[in-house]
Every structure is written in C-alpha cells, then in structure tokens.
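Good morning, colleagues. Please have the display in view.

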Amino acid sequence: MAGKEITSTKDAIGINGDVVSKGIDHSDTDSVHGIHPSPPAVDKPKLSWRAILWDTLDKSPEERRFLFKLDAVVLTFASLGYFIKNLDQINVNNAFVSDRKDELAKRSCIFHASGTIGNMFSGYLMAGVYTLGGTNGFKGWQWLFIINTAISLPVAISGFFFFPDVPEITRAWWLTKDEIELAKKRMQFEGRANRGSYTKAKFRKIFTSWHIYALTLLYIFFNNGVGYGGQPAFALWLKQEGYSVAAINSYPTIASAIAVIFTYIYAWTSDTIFKGARWPPMVFSGTVNIIVNTSLAVWRIPTGWQWFCYLIGSIGGGISGLTFAWAHEICSDDNEERALVVATMNEMAYVMQSWLPLLIWQQVDGPQYHKGFITMVFIAAGLIVTSLTIRVLHHRERARKAQSTNVD
C-alpha cells in the first residue's frame, strides 16, 4: 500500500522519571493509504543493537533498575505459573501414553513459551519417574503427580506475596515509592488510560466496536488450532510404531523445543523486522498449520515427512503472546475495554475448547485423527483471514484518529 506511516506522539520519560520529551508509537506500523499525518514532534530515535536484543538496555540507570526488578518478579512468577499449568495438563497425557489406560511481544512470548517448556519438562519427568513404578506402592504415573505437587506449591505461595498489582494501587514491598511513581509515569508514556468505571455508555462503546468480536475470534482460532485438542497425537503415533516408553515421552519434547525457538523468533521479528506488526507471524503460522494438518489428514505419507509434520506441528503455539500484545495495543486508549476484551478472548477460547475436542479429537480415532486434522486446516485458514481483517480494521481506525488529530 502506498502512503505514509501513521505515528502517534507520546511523552518520553527522562532520567529522573519526569515526562520531558516526545517519542513515537510504532506498534503494528504498516503504511495506510491516503493518510498524511502531521510530522512527529521529534525524529524517530534509532534503536541500538542492544535495544533490539532487549528493550531496557538503552534506558536510564534508574528506569533500567526498575524494569529489571519488575521483570525479575512478574515475568519470572508468571512464567513459572504458566509452566506449571502446562506441566499439570501435559502430565495427564504423558501418564496415559506411558502406563495409565483410563513489549509486550517479547515478554508476552516469553511468558507463553514457558508453557511449552512445561510440556517438554513433563516428558523428561515422566521418562525419569517411570522407573519409580512400585516404589512405596505407587505407580510411575502417580509419582509424576506427587513430584508435580512438590514443584507447584512453592511457586503458587511465593507468587501470592510477590505479584505487585497495577501501578495505581500497588503496595508491593519490593518496590520503592520512586519506582511506583516511575511505573505510573511509564503508563502515561505508553498512552495507557487510567482505571475508570464500567458505565452503560462504556459497555455500549465496547460492544459496538469491532475490537471485542474480531480479537476474540482471532484467539478462538489460535487456541483451538494448536495442540491437537489436548491429545498426545505425536506420542500415540510413536507408540503405534513400537517405540519405547522413554522414546514416547522424550521425542515429542523436540517439537516443544522447536516451538519455543519459534516463539522467540516471532517476538523478535515482530518487534524489529516487521516494525511492530503482529499479523505476519500469524499468517506464517497459519500457513504452516495448513500444510502440516493437510499432510496428516492424508496420513499415508512418507515416514520422514510425517516426522517433520509432527516436529514442526506445534510452532503455531508461539503466536499466543502476539495475539495478546496486539489486543493491548489496539485497546490501549481504554483500560476497561482492554481488560474486558482480553478476558473475553481467553474465556471464549476455552469455552470453545471445552466441547470442540470431544467431537473432532476422540481418543478412539488416535493416532489417525482425520476429523481433527481436517478441522485444523479450516481453523488455520480462519486465523489467517481474521488476522488480515484485524490489520485492515486497525489501520482504518488509526487513520481516522490521525485525521481527527490533524483537524483539531
């Protein structure tokens, strides 16, 4: 598309935490046809290689120290919590196949990658504890959950005391008063609206906007288009092929490791190469999902290609953090809308996930889940179409805002 890049000017935070100058918001910066906004207050600052690697490295010492503390607590405990959530969930699958028969962008992607690492750890853990079968009267898969509990409880209890809440009301003991004030000023710098009340007018604004519907649909397609509906498809195929218990639990972790790598690739390329655009990795992952699931639906394919499909079949999970980062950016002007939209995305995706796998990922069909693989092709196509639609709608919205600003 021809046209000029739309930017919005924002106050930048100085070394002492004061708002001193203007910066530019480059989230999802593609050109918009026919719109020529007025030039920003200052030239776009050129990022150093350090800032591309991690965005705090070019900050002032005070801000860098504050962000380090924030990342050390929030990102660590959030990631550990998601790691354990996935560890708990995947342990059920591993127990079954083993024995039992019954800136957002970077940080968000690191958080979601921890869930995939939880999948990996579960496989290694099951392979290790399987030999404990019979010890103290417990089977191997039972030892898995005993150890899981011992890992989970300390993290859950620690998180209760460490999570800081939002800057406006935080009473975190590990933050100084100056750092809390800096956090509030950073919210202003990012253009985040302060908390308000939910009124009839607010609900009308939210539910007459495309935000809540399109972004929720996007996350439904994402969340229900990866992970084989919670079924251990790769492991069941390995089991059918006659691999050992250790191999059945270990080989799928290679797919998880590849998914983690792609999660980081999505985050860094979205922030750098694609200049804040979130949709390119979504289109890429959707395309890969179409290829993989079409191949697995055919089923009778070369063994090497089947291995390849299972190994890269999880890389679509890496865009989860980008979907939430995009939602935060699109709804940044309204704190209440942002909260409701993100909550609705998460809630409705899992509502769909509560019944859809029962229809298309039935255990009796495994490992040849023909209905599941075919459905995933259409879900991946829906993901691509929805992400491109949101891109168009977001650009039109930003163009209208830019026009309004120019008129004012």
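I shall begin with the conventions and then turn to the chain itself.

This is a predicted model, in which local features need pLDDT of at least 70 and side-chain atom pairs count only at pLDDT 80 or more, while totals for chains, interfaces and linings use all residues. Residues are numbered from 1 along each chain as its sequence is written, and side-chain values use heavy atoms, with hydrogens and water left out.

The chain has 16 helices and 4 strands; these are DSSP runs numbered from the N terminus, helices being H or I of at least four residues and strands E of at least two. Of the 408 residues, 49% are buried. Buried means under 20% relative accessible area, exposed over 50%, and partly exposed in between, with a 1.4 Å probe and protein chains only. The chain exposes about 20200 Å², of which carbon and sulfur atoms supply 63%; accessible areas come from the Shrake-Rupley method with that 1.4 Å probe, and for residues only the protein chains shown count as cover.

Let us move to the interior. A nonpolar core is a set of buried Ala, Val, Leu, Ile, Met, Phe, Trp, Tyr and Cys residues joined through side-chain atoms within 4.5 Å. The largest has 56 residues, and Leu 215, Tyr 310, Phe 373 and Ile 390 are those with the most contacts inside it. Helix α7, residues 211–223, gives the most to this core, with 8 residues. Apart from it lies another core, of 9 residues, including Leu 67 and Trp 174.

What does Ile 390 contact, leaving aside its neighbours within four places in sequence? Its partners are Trp 210, Ala 214, Leu 215, Leu 218, Trp 326 and Ile 330, where contact means heavy atoms within 4.5 Å.

Now the surface. Leu 153, Ile 157, Phe 160, Phe 161 and Trp 173 make a nonpolar patch of about 660 Å². Patches of this kind take residues with over 30% relative accessible area and no salt bridge, joining nonpolar side chains (Val, Leu, Ile, Met, Phe, Trp, Tyr) within 5 Å and like charges within 9 Å. A salt bridge is a side-chain nitrogen of Lys or Arg within 4 Å of a carboxyl oxygen of Asp or Glu.

Phe 161 lies in helix α4, residues 140–162, and is exposed at 52% relative accessible area. Phe 163 falls in the loop between α4 and α5 (177–189) and is partly exposed, at 42%.
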